[in-house]
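Dear colleague,

Please find below the sequence and the structure that I am handing over to you. My notes on what was found follow directly after them.

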Amino acid sequence: YDKETATISIREDEAAIVRRIYDIYTSTHSLVQTTTAVNDDGYRSRRGFKWTPSTIRIILSSPFYLGTMRYNYQDESAKTFSFKHQSSWILVENHHVPMIDKEQYDICNYWLQKNNRSKLTRGSHMQQKNTHIFAGLIHCRACGSTMVATLDRMRKDGYRPSMYQCYERR
């Protein structure tokens, strides 16, 4: 954003990173694989840090890179960064030059929604790879914290039993 002219211009060095993020995610459909690839390519954030799946998700879900400016979307009353309901957002399309095309944006957001584990629809459940029958039921004798379940090493017969550890002492 240029304060003197009150316009948004694209920095090509940053736009190249954004396009690379979209290209990788379009082919992998994985935030973790995209993050690993971007970090392995040597790209860093503006502040010099490595990329995380959270920051990659924010970039992929932002309509800004599509040329749309979004107002009134952040809930300032919440203590953490959270969004208001989409019905209260103000979207100004064709506000600035887009960095990606609508088709790629739609593909990426389709996969973000499909892979989203935090917002399950009513009547659905997240299928877990392993079942730990005492998970959330047993507590540490020393501190009272909940015990966390992981898989122990594989036995000769191929069985991997659950191993419970104190959450605080893990």
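**Cysteines**

Cysteine 166 is buried, with a relative accessible area of 8%; buried means under 20% relative accessible area, exposed over 50%, and partly exposed in between, with a 1.4 Å probe and protein chains only. Please note that this is a predicted model, in which local features need pLDDT of at least 70 and side-chain atom pairs count only at pLDDT 80 or more, while totals for chains, interfaces and linings use all residues. Residues are numbered from 1 along each chain as its sequence is written, and side-chain values use heavy atoms, with hydrogens and water left out.

Cysteine 108 is also buried, at 0% relative accessibility. A search of the whole structure for disulfides finds zero, a disulfide being a pair of cysteine sulfur atoms within 2.5 Å. Cysteine 166 is accordingly in no disulfide, and the nearest cysteine sulfur, that of cysteine 143, is 3.5 Å away.

**Overall arrangement**

The protein chain has four helices and four strands. These are DSSP runs numbered from the N terminus, with helices being H or I of at least four residues and strands being E of at least two. Along the sequence, they follow the pattern α-α-α-β-β-α-β-β. The protein chain has 170 residues, of which 25% count as buried. Among its contacts between residues at least 6 apart in sequence, 44% join residues at least 24 apart; contact means heavy atoms within 4.5 Å.

**Pockets**

The largest pocket has a volume of about 1,800 Å³. On a 1 Å grid over the protein atoms alone, a pocket is an open set of points where a 1.4 Å probe fits, with protein on both sides within 12 Å along at least five of seven lines, and lining residues have an atom within 4 Å of a point. Grid points are joined across faces, edges and corners, and the volume is the space filled by probe spheres set on the points.

The largest pocket is lined by 50 residues, and Ile58, Ile59, Ser61, Ser62 and Arg70 lie nearest its centre. The elements that contribute two or more residues to this lining are α1 (12-28), α3 (53-61), β1 (69-71) and α4 (102-115). By class, the lining of the largest pocket holds 23 nonpolar, 14 polar and 13 charged residues. Here Ala, Val, Leu, Ile, Met, Phe, Trp, Tyr, Cys and Pro count as nonpolar, Asp, Glu, Lys and Arg as charged, and the others, Gly among them, as polar.

The second largest pocket has a volume of about 220 Å³. Ten residues line it, and Leu31, Leu112, Asn115, Asn116 and Arg117 are the closest to its centre. Both α2 (31-40) and α4 supply at least two residues of this lining. The lining of the second largest pocket divides into four nonpolar, four polar and two charged residues.

**Aromatic pairs**

Rings of Phe, Tyr and Trp (its six-membered ring) pair if their centres lie within 6.5 Å; planes under 30 degrees apart count as stacked, over 60 as edge-to-face and the rest as tilted. By this rule there are three aromatic pairs. One of them joins phenylalanine 64 and tyrosine 65 edge-to-face, at 5.6 Å centre to centre and 90° between the planes. Phenylalanine 64 is partly exposed, with a relative accessible area of 25%, whereas tyrosine 65 counts as buried at 16%. Tyrosine 110 and tryptophan 111 form another edge-to-face pair, at 5.3 Å centre to centre and 80° between the planes. Tyrosine 110 is partly exposed at 48% relative accessible area, and tryptophan 111 is partly exposed at 24%.

**Individual residues**

Threonine 68 is found in the loop between α3 and β1 and counts as buried, at 9% relative accessibility. Leaving aside residues up to four places away in sequence, threonine 68 touches Pro63, Leu91, Val92, Glu93 and His96.

Alanine 149 lies in strand β3 (residues 147-151). With residues up to four places away in sequence not counted, alanine 149 touches His132, Ala135, Met163 and Tyr164.

Histidine 29 lies in the loop between α1 and α2 and is partly exposed, with a relative accessible area of 25%. Most residues other than glycine have a negative phi. Histidine 29 has a positive phi of about 60° although it is not a glycine.

With kind regards
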